[in-house]
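Welcome! Here is a short tour for anyone meeting this structure for the first time. Take a look at it below, then read on.

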Amino acid sequence: MKITQFMKYPEYKQPLNYGQLGEDILAWWKEHGIFEKSVSSREGQSTFVFYEGPPSANGAPGIHHVMARTVKDIFCRYQTLLGKQVPRKGGWDTHGLPIELQVEKELGITKEDIGHKISIADYNQRCKETVMRFKAQWDDLTEKMGYWVDLDDPYVTFEPEYIESCWALLKRLYDKGLLYKGYTIQPYSPAAGTGLSSHELNQPGTYKDVKDTTVVAQFKVKRDAASEKLFAAPVWERPNGDSPTDVFILAWTTTPWTLPANTGLAVGKNIPYVVVRTINPYTKEYIRVVLAKARVKSYFSEFTEKGKTTPSTYSDWGSPERQIPWEIEAEFTGADLINIHYERLFGTKEGFPNFEGEERAFRVINGDFVTTEDGTGIVHISPTFGADDFRAAQLADIPALMVPDAEGTLGPIVDRTGRYVPQMGEFAGRWVKNYDGHDESGADYKTLDESIVIKMKGDGTAFKVEKYEHTYPHCWRTDKPVLYYPLDSWFIKTTAVKDRLIELNKTINWKPESTGTGRFGNWLENLVDWNLSRSRYWGTPLPIWRTQDRTEEICIGSIAELKVEIDKAVAAEIMTHNPYANGEKIDLHRPYVDDIFLVSPTGQPMYREADLIDVWFDSGAVPYAQWHYPIENAEKFQKNFPADFIAEGVDQTRGWFFTLHALAVMLEDSVAFKNVIANGLVLAKDGQKMSKRLGNAVDPFATIKQFGPDATRWYLIANAPPWDNLKFDPAGVTEVQRRFFSTLFNTYSFYALYANLDAFEMNEKSRVPHADLSELDRWILSKLQSLIAEVRGHLDSYDPTKAARAIQDFVTDQLSNWYVRLSRRRFWKGELTTDKRAAFETLNECLQTVAQLMSPIAPFFAEWLYRNLTFGEFRVKSEELGVENSTTLNSQLLTLNSPESVHLTLLVEADATRIDPKLEERMELAQRISSLAHSLRKKSVLKVRQPLQRILVPVLNDTTKEQVGLVEDLICAEINVKHVEFLDDSSESGVLVKSVKPNFKRLGQQYGPRLKAVGARIQAMTAAEISKLEKEGSLAVEVDGQPITLAPDDVEIRTDDLPGWLVATDGPLTVALDVTLTDELRQEGLARELVNRLQNLRKDSGLEVQDKIRVTLADQQPELTAAVAAFGDYIRTETQALALTFAADVSGGSVLEFDDYSVLVLLEVATS
RNA sequence: GGGCUUGUAGCUCAGGUGGUUAGAGCGCUACACUGAUAAUGUAGAGGUCCGUGGUUCGAGUCCACGCAGGCCCA
């Protein structure tokens, strides 16, 4: 048996299984530690810093995670290709409410049961077990999708070292005075004595319809310089001749009990407001009131407007009983009203308390939440009982009305049980709502709201009182109405660095930019202090211990410090022993830290503040805590801060992006990241959100298995920019696979097939010199350089979509569909000549470069392609068995000095000297002319196989003529004509018919309004005028009686008709086809037909490409015989026929049919 | 309710600084091609550029107000 061994480009007969390809490459990467090498091989180079936004592993990953992680992966791989070292530490986000809720659901318990049915220790243990439940699935997906990140040494936010780092950072903030205890407005249930989470508030049934007493309150404007404009209308006489009438601001509330806590009024700064003269319906006082113009109709009847049913002069109004007369006096916008002062509604004169900051209160302020949907368009602000109120008041420096309790601690006017505090004068001790279940049935019973409203009616401060039904949230446990109430919280004083946050944000490169300036920028502009406190169990505990009287406190910044403090406490006999003394594994979670009591300098015991901190602090601490900094690794931290690049979903804007930024600015006075991509959502193909419930969620594992990781990644990136929402349609992935990957695969297969036949070896050292390359080679290489520059540019500016599309267009349109198609003959014809070698070299370079360029996006396929091109397959050929193929990639070097993986290479740079714009331009001309010629053939029903004598191309200048002339051969070959003939003014005079098209852009700038007339005049130009303009460079014409001078640039001259010829045009380009058929052309056409049929027969007979044949034709058709006689050499060459003979009788042959002919043919393999 | 964002052919998307006749791919129809063939070419059908106003000689593009989808926040 004859056996030969040789090294070849691997060939693949079957269509690729892309899923399998992914798995094979993955296994090879693992075996050879390619990821590790991609980092270690860049040791000593500059670092590209990337932070992994930690995912939570308590749920299965979805396709959107593939999207987000592809974006991250692309830029890390790209920077590696540029030679940077890119360490990527993985991480896990492990704390937080979702995990608690999941555990509670599984255990069938609620928060109330913690500490009763289950100990905190057991509960937290359960959380810890739950949170990493899906870690294996995540790791699996990470690998299969080709996301390179260090999974072996991740940071985990529940580990003691991580928490310790958080503590150290908190202590730094504490030492800077940025940590303080304050309050925020939260839903609170007085009957249950507890705050409610938004999750609890979203329980079904919590929102109920209730009927409340509501009131439109009148706030009396203080007359001063700021408010004088409200009084500016002429003073009008009143029947009793009193002093000028007061102005009141109207504000509606459904909670009258909050009015005594009012400290401000909010208007919308762009909303129009009016001053209305009218009468108070309860006191009959003559008054003027301010309310939104859009709300006037809701409070005043159109029939009682002045001059309608009421007397026309105000003094004649008298004292109407039922109807309230009114008249608009003046109009302002909200901005005009801001900072006007008003008198307190429930003042100290009536026994209501003083409070701190009172002099800054009782002002009109801006509120971006104010609308004219209901009420008066002016909102009463009580900072202690509304979240909007609190925020707007804080921004405008309006104080809250706070009074001291028995211990001197400041609190709101309602205590924690839901009653007014003792300082509330006549209402002291009254229940705000019925939280104690007292009897309301008595005839004289009045709710607090009613009592307050009655008092206001008497005071002349109630403008309208009515019962109003609306929905209001209730406590899910007690069924009583919720209060929005100030609850203690620890805060980070982010507002102290607000300006710096804004300033540094402007240095961050946001993709898309609008997220940085809009969503994030606005958020910073309206920044409030960061509420750190969470009343939960599974999270990082707040490391602050306080004495009972709150006069002394300590913030712990490390485990070592804690141990020292415990020792002190033990010495002071506040603790019996130090639980961490024996080097036991330290757990900094609850309940263990709660059982630690410390001693204050004055010897008092200190207790830990019970709160946990916001989990967003955990993730914002990643840059520091992933290295256990600042406890250790200062150098490592410095080297890896700030990040060059991060990427997460846009929903993280106020989450991770903010906490990273805030902590970096406060701790390091730096940005945390220089470039950030905020990616959008992945939706189902109908645009619906993916959800398990709707059953439209796409399984990432199934997708990757079916289409392979590369097509999946490519689709996600190429279809839409990452920051747009993506509608995920599997059909789109199929298309990417077919159109891009299959085309690239075919191109490679084509190369491998013929390169192997010629035993071609790529050797950079002995390349055919660039100057000796054909037009086509130099063209595709020029295009390739342009592509390199373009892809680099897009990836440098973090736009992967444009990069992917550019690569895709190059591969499908330029490389495959033009270069390879037109070069085919060069690859298969004859011996390995210089030209053939040049073709192999050119195609090889294109494919290798494409492999590099695509490798960040499609890392598996790129690796496959690269290794096929650089490392040949060791194969054995035996006569009996044919060629044995192996799908595994062998490690025999085909291309010298190539790294073993494409991901270890350095990305080629665009060689500007190889870019030839003129060449690219004329090749485009060739493409367009060919397309036009094809379309003419189509119209004339002349198949491409029929050669034609010539095409005619009118040219208007020598440049075009020269350009087309250089690509004439390509055009002729592509459209099967013998010559390209140029028509210009000198040849066959009178043939060219020219027309002009106005250049509107130029003319518009010059003539403006007269453009239409000028355009019409240009389109009416005669042939003589056109030629005059061409020859003399200007043309004087008249438009609307006015002379104007046209320049050549003002028009586009084209020839879109050739009388007597069938023409096709594409913009300024026109082509005519000579469809005259000579006998010779006909014969050549026949010969081509015959070649085609013989090729088909070869293929159908299962012949190898390189097999030689003998052909015998039946000698029955004179035309065919003549054609064979004339073009026998051609036919033999094309079909690799050693012999082409005629015989009278061809037995055992096949019948070939074409055109009007039918011929019997016998095809035999020539054995030698 | 607010901020941001998207809306162009049946579907997925391109359309710097305004220029009159709005493009590509897929899909559809017809024809052609056939040693890259699960490919390719040519032609065709398919558009109130979300709507309404405005600026302009001219608006898919700029402005205002809406409508619809999405995200975040309240």
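**A strand on the inside**

Leu 1069, Val 1071 and Leu 1073 point one way from strand S40, while Thr 1070, Ala 1072 and Asp 1074 point the other way, and all are buried. Here buried means under 20% relative accessible area, exposed means over 50%, and partly exposed lies in between (1.4 Å probe, protein chains only). The model is a predicted one, in which local features need pLDDT of at least 70, side-chain atom pairs count only at pLDDT 80 or more, and totals for chains, interfaces and linings use all residues. Residues are numbered from 1 along each chain as its sequence is written, chains are lettered from A and ligands numbered from 1 in the order in which they are written, and side-chain values use heavy atoms, with hydrogens and water left out.

**Around strand S40**

- Six of the six residues of S40 (residues 1069-1074) are buried, so the strand is largely enclosed by the rest of the structure. Strands (E, at least two residues) and helices (H or I, at least four) are DSSP runs, numbered from the N terminus.
- S40 pairs with strand S39 (residues 1063-1066) in the antiparallel sense over four bridges; two strands pair if DSSP finds at least two bridges between them.
- Ala 1064 stands opposite Val 1071 in S40.
- Two residues lie between the strands in the hairpin of S39 and S40, where Gly 1067 takes a positive phi near 60°.
- Strand S33 (residues 948-954) also pairs with S40 in the antiparallel sense, over three bridges, and Arg 950 stands opposite Asp 1074.

**The sheet with strand S4**

- An open sheet is formed by four strands in the order S5-S4-S17-S19, with antiparallel pairing.
- Strands S5 (194-195) and S19 (530-531) stand at the edges, each with a single partner strand, so one side of each is left without a neighbour in the sheet.
- S4 and S5 run antiparallel and are joined by two bridges; Ser 189 stands opposite Thr 194 in S5.
- Gly 182 lies in S4 (residues 179-189) and is buried, with a relative accessible area of 15%.
- Leaving out residues up to four places away in sequence, Gly 182 touches Leu 487, Asp 488, Ser 489 and Phe 491; such a contact means heavy atoms within 4.5 Å.

**Helix H1**

- The 15 residues of H1 (residues 18-32) should span 21 Å at 1.5 Å a residue, and its end C-alpha atoms are 21 Å apart, which agrees. The expected span is 1.5 Å times one less than the number of residues.
- Among the buried residues of H1 are Tyr 18, Leu 21, Trp 28 and Trp 29.
- The elements covering the buried residues of H1 include helix H2 (34-40), helix H3 (63-81) and helix H6 (135-144).
- Gly 33 follows H1 and has a positive phi, near 55°.

**Around RNA strand B**

- Of the 50 residues around RNA strand B, those that come nearest are Asn 719, Ser 816, Arg 945, Phe 1000 and Arg 1098; a residue is near the strand if one of its heavy atoms lies within 4 Å of it.
- Sugar and phosphate make up 64% of the atoms of RNA strand B that come within 4 Å of the protein.
- A polar side-chain atom of Arg 738 lies 2.6 Å from a phosphate oxygen of RNA strand B, and a polar side-chain atom of Arg 1098 lies 2.5 Å from a base oxygen.
- Helix H23 gives the largest share of the surface near RNA strand B, seven residues.

Definitions and conventions:
Polar contact = N/O pair within 3.5 Å; in protein donor to acceptor, adjacent residues only side chain to side chain.
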